[in-house]
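Please work through the following exercises on charged side-chain pairs. Each task is followed by a solution in steps.

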Amino acid sequence: MNRSTKDLIDDYLYSITATQDFSNNQPFTAAAISAQLHVSRSLASKYLNELAKEGKVIKVSSRPVYFFHRKKMEEKYTSKFQEEDFYDLEEVKQFVKDHYQQSKGFENIVGYDLSLAKTIKRFSEAFEYPPCGLPILLYGQRGTGKSLLTDTIIKNAIQKGKVSSHAKVMRFEVSDTNSDEIQCELKQTLQKEYRLDQAEEMILVFRHAQYLSESLQEYIGSLLKEMRDYQQVRLRNRILRIILLAEKEMTSWMSESLMKYIVLSLYCSSFQEKSVEEKEELVMRFIQSEAQKIDGKVSLSVMALRALINGEYKQNARTLQSYIKIMFASAIKRGNKEQLQIQIVDLPEELLKTLPVTAQENGGYLNLDTYHRNSKIEYILNYFDQIIHVFDTKDDIEKVMENAKKNIDLLNDHLSYKQKILGSEVKNIEVLVSNLLELLSRHRYVNLPGNFSTVISRILYLEELYASSVEKWNEKNQKTMDAIYALLQDEVTYAAMTVDEIRHLLQTNLERKVSTFLWIYMVIYINYYNAELPKRKALGIILCHGYSTATSIADATNTMLQSYVFDALDMPLDVTQEEIREELIRHLGRMNKGMDVIVMVDMGSLEVLGKDVASSLQCNIGVINNVSTALALNVGSLILQEENIEKILEKASASSQAKFTAFKKQRKDTILFVSESGLHMAQRMRDFFENSLPTTLALNLEVCDFGEMIAQGKNHEVFNNKNILFITGTANPHVNEEVFISLEGIISGSNTQIITQILKDYMDPDQIDTFLNNIRKSFTLQNVVGHLTILNPKILLDDVTSAIDRLQDLLGYQFNGRSLTGIYIHVCCLMERLVTKTQIEQYDNLDLFEKNNKSFIKCVNESFRDILKRYNVQLPVSEIAYLADFMVYGERKKEVQTNEKK
């Protein structure tokens, strides 16, 4: 295939940039390049400038102008270069000096160019701060790389000449028993240095600093106090740098005498807190390192990689490395060392227990020799690029917005059909976003397509999942996006104002910043579905009595028509005719004065409104009675066809005759899910149960309010309208004659036979076997707690277990195994209620309970002290009373058996 002249220039510049060292810059001019490639100077200059605009070439706008290949420069100096042109060569040299020195030497640390970039920058700056650095605390869990980062910082500073190459590094391994020995050794060393005439530079590193005794902390504090006085340092001929490495933040262990001198505190994130891309790189770094010890080719199962990325590791990288060694040992024992395959069966048991089951995983193996880091986010960021760079063209704003919307559609298709995001991962975000957009639609008249909240939720999720890469992309493109932001604020004001309100709602309720890109995305999207409103001849208004009645019809119709045709007015049932008239006039007064209006109403008495409104607003108005979704869809289609108002009324009237069909009442089989923590908790249980089903069942899975079921029992309307197969949940509502299967019963497997018997009419034997296998895999205690609560399940279960163990000791008796599981679940849900401030506050005869159970209340508060302190919450007596009831039922009551139902 023939290469174009432009491609040849690109290739040639890439090759010569590899030799660039600023000593001879003449080969990087347009004249030199044209001579080497035998093309005209003007043509070479033209193509070089085009490559610079495309971002492939770095341009230095001096005389003469110089060009360097961007990719090769970034590879050579391990730094991302700025987008704008450089003024002269000195500016390029300074940029390289500032950025290359910062990243050099850190390539062996996973995340040095992602989440750790800012930490490394701040650590280096503080450590190198003249004359003797700033005292630093670096904290994080064991195995998070604190020592590796510290050693690299020290080595890098020595290489840069910021620290003497003769500096003495003293590393102290602190334990809870050796502080006196360390203090004695340190004093002797420093006293010896005092007698030296030559300047001496020392670096003190204290590992596991949380074990420092009070005395040693005071001594270190006195050294730091001395270091603050530069003249004293010079007199003593000593430069002393101090770094503390700890597993806990300073407030939990450090004395005030030391804390006041610690200038900088930095955190090393755990494996669980890292982004998916960094987890994958860390896993593959360790696997490739282990594979180098094998004399043969090594491939890794995709399923095994997913399990390692999703795993939990007690000591982070240390535990991960141990697991990988175990996997290699298992694979070598099982297979051919020359063609070694690491499979899912080689995983340690600890990882197999937590491996989620999914039908969406692609199989296959990764070749470690050709492996590259997961590029999922690169596809997404490529779509981001396409959307914002549409605005680089000189087209008019309407054409630009149209092209941007086309690129948005490509992104939406990718997120909906190609990007594998499990529904449960974004469901919570989507529910919140959907509720916020519904709230917005009640007072701001905007059409939102049906998938808007879904795509917004997925973008928010991916921005958080790949936070490091997205942040780098944002920094790179911020200048371009700021310009687009200003343009859209001026050109599509209504859409921009609407999105400003959406952004405020999202930031307030999600407690996270909405990126400029997402703002631009939403403005383009909303403008597209509302831009035609001012141009249309007629506007539809749906006016109904009752909460959200008109809004529901308008939303459904607009979505099906893919256009904003109908506005909605929901009126209270007790509103007067005059109040409706005034509200309609006020509402229409904000619209385009030249438009005809068709008002669709739910009651005939409202038809008289038309004359008054037409007179007040001086516009043509038509009123259609007995509104329905089907009728609104018909009228909306006619409005889009730009039929005149009389034609629309005639055609709508002719097609609005009612038809009817009568059906006998049927009660559909239903499984009910309940929870004392509310409907949201019951919904999570329902979703968790449904995800274990191998097929869609011909029955309902519904949630029901626990409080209503307790209060109404068999009189609850659900028992009149549904045939309840069984009730399940975190607490038994004790409804007579109804089978209740507790969540702890499902976890223990004691109710498997009951569930099988009930569902045998809905699944064949193979499907039932699959379902039971899914139940056994999914319904582990930690999985259930992780699904039901927003809190970290492992930490929460550990704390709850400790609290319940302590409570049993104080009460003087032990709960049996099955009821104990139920208590664990109940307390986990209780903690979520306290954290989210949705605790149960009502309890019958609470004063009497408090009077008669003082000892029990005291025991509970004492047992729960640590877990309440961790989450910074208080336990109300009402929740203690409810816990007491639950424990009584767990110990003394038996679940209703199936034969009671028969």
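**Exercises on salt bridges**

In this predicted model, the side chains of Glu281 and Arg285 meet in a salt bridge, with 3.6 Å from N to O.

**Exercise 1.** Determine how many residues separate Glu281 and Arg285 in helix 12, and classify the exposure of Arg285.

*Solution.* Step 1: both residues belong to helix 12 (residues 276-291), where they stand four residues apart. Step 2: this spacing places them about one helical turn from each other. Step 3: Arg285 has a relative accessible area of 27%, so the residue is partly exposed.

**Exercise 2.** Are Arg833 and Glu879 buried or exposed, and which helices does their salt bridge link?

*Solution.* Step 1: the side chains of Arg833 and Glu879 form a salt bridge of 2.8 Å, N to O. Step 2: this pair links distant parts of the chain, 46 residues apart, with Arg833 in helix 36 (residues 817-835) and Glu879 in helix 40 (residues 877-892). Step 3: buried means under 20% relative accessible area; Arg833, at 1%, is therefore buried, and Glu879, at 0%, is buried.

Note on methods
Residues are numbered from 1 along each chain as its sequence is written. This is a predicted model: local features need pLDDT of at least 70, side-chain atom pairs count only at pLDDT 80 or more; totals for chains, interfaces and linings use all residues. Side-chain values use heavy atoms; hydrogens and water are left out. A salt bridge is a side-chain nitrogen of Lys or Arg within 4 Å of a carboxyl oxygen of Asp or Glu. Helices (H or I, at least four residues) and strands (E, at least two) are DSSP runs, numbered from the N terminus. Buried means under 20% relative accessible area, exposed over 50%, partly exposed in between (1.4 Å probe, protein chains only).
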